[in-house]
Amino acid sequence: PDVIEWLTSLVAKSLVVTGGEGAVARYRLLGTTRAYALEKLEESGERERLSHHHAEYYRHLFEQAEVGWETRPTVEWLNDYGWCTDNLRAALDWAFSPDGDASLGVALTAAAVPLWMHLSLMEECRGRVEQALAALGPGASRDERREMRLHAALALSLRYTRGAVPEMGAAWTRVLELAESLDDAEYQLRSLLGLCFFQTASGGHRAVIALAKRFGTLAEKQPDQNDLLIGDRLIGVSQHYLGDQSGARLHLEHMLAHYHPAARRSDIISFPLDQRVMARTILARILWVQGFPDQAMRTAESSVEDARATHHGLSFCYALALGACLIALWIGDLTAAEHHVGILLDHSTRHSLANWHAYGCCHQGALAIKRGDLNTGLRLLHAGFDELGGSRPALRVNTLLMIEALGRAGQIADGLAEVEKAIAQSKQTEEHWQIAELLRVKGELLLLQDEAAASAAAEDHFRQALDWARRQGALSWELRAATGLARLWRDQGRSVDATASLQPVYDRFTEGFDTADLQAAKALLDALAGPNVLRIRSS
């Protein structure tokens with residue numbers, strides 16, 4: 001009772017500030033009061049004992065929080081624990097200090113991982129986990145389950161701060177080894193999912209399908225059927241990159257139709273991004289590739305809103321960077337692109353998500369180029385590429401932007417070198433989803449050369465692009481290739497051939513007639529028809 005009285009007195013004298021939401025009050029010291037109190041604490045000789053109690057208290061609190069995360073609503077959970085970050089940092093600083101208790105620090109680090117993950121404090125998480133793992137050096141007593149959890153946290157934090165670096169693959173491999181030795185199905189699933197990402201980022205899409213099937217076999221034995229549906233998403237994403245858009249779409253639509261988010265509140269911790277957001281983001285890209293630009297943009301924006309509702313920064317950045325920003329640029333809606341890119345840059349900066357910030361720089365560069373500011377665009381693209389360190393995911397969504405920018409800037413030789421490298425890598429890894437567009441862009445670059453053989457070489461690349469696009473059912477890539485070929489034939493005086501090549505592709509579209517590609521194709525068809533010919537698009 002005396003403590004309550006003393007605390008009330010300190011609040012009344014404004015030496016302690018009270019706050020907090022809901023039924024639980026929280027108390028803090030003002031800066032000057034805290035400095036004075038620390039001096040007195042040092043003089044008392046009790047600082048180490050109290051620091052130990054403080055760290056133990058927060059270890060116990062976060063262990064309780066991890067259990068509560070399984071059943072409690074996200075916003076409620078964050079209201080209770082999100083304010084604890086400064087106390088957590090202070091406890092860990094003491095625990096790993098020369099006078100601290102490293103074993104307590106390791107336990108506290110492992111317990112705090114869910115908080116860092118959900119607040120998207122990935123750089124902080126990585127540094128703290130590396131510190132904890134270093135304390136498990138030779139001679140340290142080992143808790144294999146705790147070590148497994150720390151390696152999993154390291155792998156996840158590396159993914160979003162450094163990308164698919166070898167250390168990330170090594171960490172997931174260690175998690176899988178420990179999970180199998182402990183017969184821990186949940187962490188086996190987590191590690192297989194992490195290894196799938198590592199292989200996807202490295203271009204090993206066939207390996208991903210094998211890992212996804214292994215994931216599915218294990219998931220079949222688990223009570224949560226969502227796990228099996230995550231296997232569907234893994235296969236669908238790999239099929240998308242391999243160029244099988246219809247197969248990918250079937251897997252992703254099946255996953256989205258049957259996945260029930262309420263079945264597990266801890267998905268963000270078990271699997272670091274919201275699974276529906278990831279599936280819907282890739283589905284939006286597939287819809288655009290297949291020739292449904294309006295549906296693609298609606299799906300991408302729906303994914304952004306779903307991610308926003310999760311209050312999870314990583315999922316939000318994923319939906320923006322790999323979906324909404326990209327599709328807005330593809331369809332030529334520069335206002336929407338500017339809006340989404342601005343949000344991505346702001347959110348990734350506030351949460352120190354360097355990888356996603358680099359994507360934002362690349363998209364901002366592409367936007368500048370589409371508005372005619374080549375110098376700014378190239379500078380931003382180069383900055384984004386440097387920040388990403390040449391990671392495979394960056395290559396997928398940004399290399400084409402860089403190649404086209406080099407062509408527009410007159411750096412044709414550099415553009416051709418980059419596109420030839422990208423085509424070779426695409427064939428080597430079987431990552432064929434953009435190969436039709438790479439071939440088309442190479443054709444456009446060849447036409448910029450002042451060489452007699454350029455037209456024949458460009459025509460050959462346009463034809464190859466058309467063949468790849470038709471085999472994949474990639475109608476949007478097909479339209480771009482057909483438009484390029486029609487322009488070439490128009491310039492050669494072959495207007496009838498140009499119309500015959502482009503009109504049937506244009507007529508297969510049922511939506512998106514306000515998008516940049518379809519407007520360009522329509523303008524070309526109208527010009528080919530002449531001013532006195534009325535063209536009616538077949539329904």
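The model you are looking at is predicted, so local features need pLDDT of at least 70 and side-chain atom pairs count only at pLDDT 80 or more, while totals for chains, interfaces and linings use all residues. Residues are numbered from 1 along each chain as its sequence is written, and side-chain values use heavy atoms, with hydrogens and water left out.

Leu 345 sits in helix 18, residues 334-350. Helices (H or I, at least four residues) and strands (E, at least two) are DSSP runs, numbered from the N terminus. What does Leu 345 contact, leaving aside its neighbours within four places in sequence? The partners are His 357, Gly 360, Cys 361 and Gln 364, where contact means heavy atoms within 4.5 Å. Cys 317 is 28 residues away from Leu 345 along the chain, and their C-alpha atoms are separated by 9.0 Å.

Now step back to the whole chain. It has 27 helices and 2 strands, and its C-alpha atoms fill a box of roughly 95 × 50 × 40 Å along the principal axes. Of its 539 residues, 54% are buried. Among contacts between residues at least 6 apart in sequence, 63% join residues at least 24 apart.

Next comes the largest nonpolar core, which has 170 residues. A nonpolar core is a set of buried Ala, Val, Leu, Ile, Met, Phe, Trp, Tyr and Cys residues joined through side-chain atoms within 4.5 Å. Phe 62, Trp 356 and Trp 477 touch the most other members of this core. Helix 17 supplies the largest share of the core, 16 residues. Apart from neighbours within four places in sequence, Phe 62 is in contact with Cys 84, Leu 88, Leu 108, Ala 111, Ala 112 and Leu 115.

Helix 25 has 17 residues, 14 of them buried, so it is largely enclosed by the rest of the structure. From its first C-alpha to its last, helix 25 reaches 24 Å, close to the 24 Å expected at 1.5 Å a residue; the expected span is 1.5 Å times one less than the number of residues. After helix 25 comes Gly 493, whose phi is positive, near 80°. Helix 23 is also largely enclosed, because 11 of its 13 residues are buried. Among those buried residues are Glu 437, Arg 440 and Lys 442.

Finally, explore the pockets. A pocket is an open set of points on a 1 Å grid, where a 1.4 Å probe fits, with protein on both sides within 12 Å along at least five of seven lines; lining residues have an atom within 4 Å of a point. The largest pocket holds about 1,600 Å³ of space. Its lining has 36 residues, and Tyr 27, Leu 29, Arg 34, His 54 and Asn 87 lie nearest the centre. Helix 3 gives the most to this lining, with 9 residues.

The second largest pocket holds about 710 Å³. Its lining has 31 residues, and Lys 370, Glu 404, Arg 408, Arg 440 and Arg 480 are the closest to its centre. Helix 21 contributes the most here, with 8 residues.

Key. Grid points are joined across faces, edges and corners, and a volume is the space filled by probe spheres set on the points. Buried means under 20% relative accessible area, exposed over 50%, partly exposed in between (1.4 Å probe, protein chains only).
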